[in-house]
Amino acid sequence: MAPSPLQLSVAVFAHNEAGTVADCIASIADARTRAVEVAEVIVVSSGSTDDTDARVRAAIADLPHMRLVQEATKRGKASAINSFLREARYGHCVFTNADTILHEDALEHLCAPLRDPQIGMTGGHPIPVMPGRDVVARSIEVFWELHHELCLLAPKMGELVAFQRVFDVLEGPETGADEDWIHSEILRAGLQARYVPEAILYNRGPTLLRDFLAHRHRMAVQHRVLVARRGFAPASRNPHLLRAALANYLRKRPDRWSAVPAAAALEAIARSWALVDHAWRGRTESHWRPLASSKGLTRADIAAHRIARGGRD
């Protein structure tokens with residue numbers, strides 16, 4: 001007799017995502033699942049001032065297992081996570097953001113490993129869908145492709161995660177590096193984390209250079225906060241792992257040699273800026289300004305992306 005499906009509580013976090021939230025919800029509603037069941041979807045809208053809430057209501061009108069939770073003001077990602085945890089009914093949770101779109105098989109691949117009680121957390125495989133071919137677009141593609149190679153060596157969680165619910169509140173100071181914070185909680189509980197490259201989701205990085213640098217600076221500051229307050233360093237801060245991932249990447253993608261120096265230089269600038277802001281100015285980047293140039297991904301964009309790649313992701 002086959003085991004019953006693993007029941008999931010799925011969170012979608014949104015702040016002024018009117019342009020993308022309906023497609024994100026649709027990608028979850030259309031998920032192909034067998035060993036897992038999307039038992040509930042909770043969209044947490046934090047202080048949205050555009051049409052996000054109205055579009056969520058329209059998207060979930062005929063989906064009784066989905067509901068909207070509204071926060072009157074945007075109080076940071078940890079607050080949104082705790083709003084979700086107060087509402088969630090099941091012991092396995094999934095997090096994603098309203099500006100991403102999931103592959104139809106993503107949730108099945110992502111959550112199947114959680115049937116092993118020793119696996120406490122899994123992470124998905126983000127693929128950027130960029131509208132241009134300039135240095136920023138190429139750098140973002142290099143960044144996420146290198147992220148994939150790094151995760152094959154050591155899990156680095158981001159964008160789409162699933163986990164056993166070993167805590168009911170995300171305690172401690174506000175953090176924006178929420179997936180990494182949860183990763184540290186899972187390890188403290190004596191469980192393992194696993195990267196699932198088949199669990200594909202699509203995102204869009206910033207198209208403006210200043211926005212790309214601001215995003216990478218924010219992540220670098222948040223990782224410094226995580227190291228200082230939790231003693232946990234994500235794999236992306238390990239130079240030995242980064243060198244090994246880069247070597248593997250360039251062996252597989254020799255065509256990327258010309259794009260790597262620019263991406264590396266931008267990352268070095270962002271990390272140096274973060275060092276100054278965190279160490280000398282005490283910044284934590286727990287609240288940040290959304291980057292408008294990273295918004296607007298649609299399912300039509302993904303269809304065109306797949307066609308351009310001959311049906312491949």
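Predicted model: local features only at pLDDT ≥ 70, side-chain atom pairs only at ≥ 80, totals over all residues.
Local features require pLDDT of at least 70 and side-chain atom pairs pLDDT 80 or more, whereas totals for chains, interfaces and linings use all residues. Residues are numbered from 1 along each chain as its sequence is written, and side-chain values use heavy atoms, with hydrogens and water left out.

The protein has ten helices and eight strands, which are DSSP runs (helices H or I, at least four residues; strands E, at least two) numbered from the N terminus. The radius of gyration, taken over C-alpha atoms, is 19 Å, close to the 20 Å that the globule rule gives for 313 residues, so the protein is as compact as a globular protein of that length. The globule rule is 2.2 Å times the number of residues to the power 0.38. Along the principal axes, the C-alpha atoms fill a box of roughly 50 × 45 × 45 Å. Of the 313 residues, 54% are buried (under 20% relative accessible area, with a 1.4 Å probe and protein chains only).

Helix α5 spans residues 135-153 and has 19 residues. From its first C-alpha to its last it reaches 27 Å, close to the 27 Å expected (1.5 Å times one less than the number of residues). In α5, 14 of the 19 residues are buried, so the helix is largely enclosed by the rest of the structure.

Arg253 lies in the loop between α8 (239-252) and α9 (260-280). Its relative accessible area is 27%, and Arg253 is therefore partly exposed (between the buried limit of 20% and the exposed limit of 50%). The C-alpha atoms of Arg253 and Glu145 are separated by 9.6 Å, with the two residues 108 apart along the chain.
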